[in-house]
Amino acid sequence: MPYNSSRVQRINEEVTRELATLLRGVKDPRVSGVMLSVVRCEVTNDLRWCKVYLSALGDCDQKELRQGLKSCSGFLRRELAQRLRL
């Protein structure tokens, strides 16, 4: 176990919560037409990288969904950085 595992776990939960609210506000039709839920987030110990696991409900084209998420990734990063207080 890493030294600061409880801190990283709290950050994981906070990122998961904030991303879930941010994904509801995305205006890209490739993303907004699908009901997405954030399953979990894994932040590295140095807080440099974050891996997000999503679940999509309903019929959707996975390729288009990935393209939509990639196109709004800058928006999500900026909003997440403004909302999180680390």
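Mentor: Buried means under 20% relative accessible area, exposed means over 50%, and partly exposed is in between, with a 1.4 Å probe and protein chains only. This is a predicted model, so local features need pLDDT of at least 70 and side-chain atom pairs count only at pLDDT 80 or more, while totals for chains, interfaces and linings use all residues. Residues are numbered from 1 along each chain as its sequence is written, and side-chain values use heavy atoms, leaving out hydrogens and water.
Trainee: Okay. Is arginine 24 buried or exposed?
Mentor: Arginine 24 is exposed, because its relative accessible area is 68%. That arginine is found in helix 1; helices (H or I, at least four residues) and strands (E, at least two) are DSSP runs, numbered from the N terminus.
Trainee: How far apart are the C-alpha atoms of arginine 24 and arginine 78?
Mentor: They are separated by 16 Å, with the two arginines 54 residues apart along the chain.
Trainee: What span should helix 1 have?
Mentor: Its 20 residues, 5–24, should span 28 Å at 1.5 Å a residue, and the end C-alpha atoms are 29 Å apart, which agrees. The expected span is 1.5 Å times one less than the number of residues.
Trainee: Which residues of helix 1 are buried?
Mentor: Among them are Val8, Ile11, Val15, Leu19 and Leu22. What covers the buried residues includes strand 1 (35–43), strand 2 (50–57), helix 3 (62–71) and helix 4 (73–83), with contact meaning heavy atoms within 4.5 Å.
Trainee: And which ones are buried in helix 4?
Mentor: Leu76, Glu79 and Leu80.
Trainee: Switching to cysteines: how many disulfides does the structure hold?
Mentor: It holds 0, a disulfide being a pair of cysteine sulfur atoms within 2.5 Å. The sulfur of cysteine 50 is 4.5 Å from the closest cysteine sulfur, in cysteine 41, so that is too far for a bond. For cysteine 60, the nearest cysteine sulfur is that of cysteine 72, 14 Å away.
Trainee: Last one: how many bridges join strand 1 to strand 2?
Mentor: There are 8, and the strands run antiparallel; two strands pair if DSSP finds at least two bridges between them. In their hairpin, with 6 residues between the strands, leucine 47 takes a positive phi near 60°.
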